[in-house]
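Have a look at the model below.

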Amino acid sequence: PIPFILDTDTAQDDCVAMLVGLLDPESDLRAVTMVAGNVGFDRQVHNAWLTMNAAARLADVPIHLGSRRPLMREWVSAENVHGDGSGGLDLDLTGLETSDEHAVDALIRLTAESPGELTIVCIGPLTNIAMAVVKDPRFVANTRALYIMGGSNNGRGNITAAAEYNFYVDPEAARVVFEAGFDITVVPWAPLTLRDAVFTRERLAELDALGTPLSAFFRRVCEGTLAFDESVGIPGSTHPDSLTASILLHPELILEAADYNVQIETSSDLTRGYSAMSWGVHDLAANARVIERIDAEGFYAYLRSLLALPTAPE
Ligand code: BDR
Ligand code: CA
């Protein structure tokens, strides 16, 4: 199994990414670290518990609470997209406890305990990762790789014309991370996610027909964002975060990838969080592998196989 940490702003597809980490036998999910992002911080923690419960692994993996706001900016919610991030599900959390250790300290400690072995799947703003870079000079070398969901490599954003949400929310953190020297793989919003990781209503109905507790959970979580997605012309629900975790565990899903120099815009208002991905006309050293095409049918079949698993949530 592949050991990793999930750094997440848990709502909608983050929940599905967590299911991947909890259910796949190829996965060794060591910890969840929470970062300010999609919805209110405490709601994100609640959504993470809901997801662990759906996987019948409630409290099996520690949740470390991290940065409650970006490094230098006000928090920007995506509640207009995600609602509460779980389609209105609720659970009595009495007795459940998150770790006392801050997410940034957990990231530093866990990677130091097994240097070069742990990957971090980063599916929210990069605040926790940047904080760990700044706090401990050994963190970069101790981390095997980062798998980052963020940015676009055709210039098209989803929160502004130019920027994808995760990089928009904390562009300074993204910049620190891309300049730090990690081995980085990027799953971009556009064009990759919009072409290869969108599930139409027809597909969602097929998954719902599995009739398992996991498929019911998945339907609730996806429905929360479907209306928004369709209102902006996306023909279904989007799954970039679960794709990011999936390609770590199943690299055979990657059909095309290329090395790019990636830089994040921090000074402009208009293009804040824009990811400049150089396409080779510039003499700039590559700092990331960018995923350009995946086996979309294989990804769908893989998630379907996970959602078909029997679980017994509480
Ligand atoms: C990213 O932001 C969130 O809405 C999703 O979970 C994903 O991480 C897409 O821009
Ligand atoms: Ca996310």
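## Two helices side by side

Angles over 145 degrees between N-to-C directions count as roughly antiparallel. Keep that cut-off in mind for this model, which is a predicted one. Helix 10 (residues 201–208) packs against helix 11 (residues 213–231) at an angle of about 150°, and their axes are 9 Å apart. Helix 10 and helix 11 are therefore roughly antiparallel to each other.

Which residues meet where helix 10 and helix 11 touch? From helix 10 come Leu-204, Leu-207 and Asp-208, and they meet Ser-215, Phe-218, Arg-219 and Cys-222 of helix 11. Sorted by class, this contact has four nonpolar residues, one polar and two charged.

## The nonpolar core

In soluble globular proteins, nonpolar side chains tend to be buried together. Here, the largest nonpolar core has 87 residues. The members that touch the most other members are Leu-19, Leu-107, Ile-120, Val-121, Cys-122, Ile-129 and Val-177. Helix 1 (residues 13–23) gives the most to this core, with seven residues.

Take Leu-19 as an example: leaving out residues up to four places away in sequence, Leu-19 touches Thr-51, Ala-55, Leu-214 and Leu-306.

## Around the ligand

Ligand 1 is surrounded by 13 residues, and the closest are Ile-123, Met-149, Glu-164, Tyr-165 and Asp-241. By class, that shell is made of six nonpolar, three polar and four charged residues.

Which helices each supply at least two residues of the shell around ligand 1? They are helix 1, helix 7 (165–169) and helix 12 (240–249).

How values were computed. Residues numbered from 1 in each chain as written. Chains lettered and ligands numbered in written order. Predicted model: local features only at pLDDT ≥ 70, side-chain atom pairs only at ≥ 80, totals over all residues. Core = buried A, V, L, I, M, F, W, Y, C linked by C-beta atoms within 7 Å. Buried ≥ 20, exposed ≤ 12 C-beta atoms within 10 Å, placed from the backbone. Helix = DSSP H or I, 4+ residues; strand = E, 2+ residues; numbered from the N terminus. Contact = placed C-beta atoms within 7 Å. Near = placed C-beta within 6 Å. Nonpolar A, V, L, I, M, F, W, Y, C, P; charged D, E, K, R; others polar. Axes fitted to C-alpha atoms, helices over the stretch in contact; angles between N-to-C directions. Parallel < 35°, antiparallel > 145°, perpendicular 65-115°, else oblique.
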